[in-house]
Amino acid sequence: PTSAQLSVVPHSGRFCYTLDNDLLTTEQRQFYEDNGYLLIRKLVSDEDIERFRKEFMRICKREVKPPGVMIMKNESLRSQFGQSEKVVNKVQDFQEDEELFRYCTLPEVLKYVECFTGPNIMAMHTMLINKLPDSDKQTFLHPMHQDLHYFPFRPASRIVCAWTAMERAHQDNGCLVVQPGTHKTTLKPHGYPEWEGKTNKLFHGLLDEDESIPKVHLVMEKGDTVFFHPLLIHGSGINRTSGFRKSISCHFASSECHYIDVKNTTQEHLEKELEEMVRKKYNTTSVELKDIWNFRARLVQGERINL
């Protein structure tokens, strides 16, 4: 067992975004209710983070090739640096890499996740981000966005992201930036921002960003972990340092969540883009969004029900 007993139904009345539990204080639950995120200091050990870092380096050097993993690179740097961490800015879908996937099974992480999802937990989307030094072209600026834009499953309140800093994250190296309280809004239209030469594949952003909403920069130390709602508007700045800013994250969902049809919604263009990418990568003629997510999803606790 990873935590106290939890009811599967939200607390009647007061709390909409967390389930009754014996882990979070009333103040923590209220903070998440109001702001859409919760920062827990020193949750993941230095030892685990170093193991994840070593596995990332092995993937960069192609010493291991986990099936299904998507390695995103700055191709313009490959001739200069070859296969190394100086080229790879993201390792995504690492659910088949047993070492990195350990992150999704850490009891200290899952006991918090359970407060949002309930006991039946799926790891749906995994990423290790290596934000490269980028003061000139701003290639790795991630525009403000809502993660739910990428997800064809609901309800949103039973989905949570765990994001752990692998070293100190601050404004100079592109820490997370959040707009507190925006998890109470609806899913907004996303697309590629009109920034010439500054967008990465699938780095969609809000098409109409409300600049009047205050932003908070989440300065985090190594091992600090933030849990946040998939409708929370967030992004990250550019890395103005000479080092690399690494983080590891997983979006978890209750296995009782269900898939939805995104046809005729603001998510439809993303569905087409993603399906086309998968068709090219795996040379397949037909693939559906649900198939992609079924492949990515992996049970970490309890029973697999819908997802």
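**Aromatic pairs and a helix contact**

A search of the whole structure finds nine aromatic pairs, a pair being two rings of Phe, Tyr or Trp (its six-membered ring) with centres within 6.5 Å. The model is predicted, so local features need pLDDT of at least 70 and side-chain atom pairs count only at pLDDT 80 or more, while totals for chains, interfaces and linings use all residues. Residues are numbered from 1 along each chain as its sequence is written, and side-chain values use heavy atoms, with hydrogens and water left out.

The ring centres of Tyr 112 and Phe 227 lie 5.5 Å apart with planes at 25°, so this pair is stacked (planes under 30 degrees apart; over 60 is edge-to-face and the rest tilted). The pair joins distant parts of the chain, with Tyr 112 in helix H5 (residues 107-117) and Phe 227 in strand E12 (residues 225-228), 115 residues apart; helices (H or I, at least four residues) and strands (E, at least two) are DSSP runs, numbered from the N terminus. Tyr 112 is buried at a relative accessible area of 10%, and Phe 227 is buried at 0% (buried means under 20%, with a 1.4 Å probe and protein chains only). Tyr 32, Tyr 112, Phe 116 and Phe 227 form one aromatic cluster.

Phe 153 and Trp 293 form an edge-to-face pair, 5.4 Å centre to centre and 75° between the planes. Both residues, Phe 153 and Trp 293, are buried. Here strand E6 (residues 153-154) supplies Phe 153 and helix H7 supplies Trp 293, 140 residues apart.

Notes:
Buried means under 20% relative accessible area, exposed over 50%, partly exposed in between (1.4 Å probe, protein chains only).
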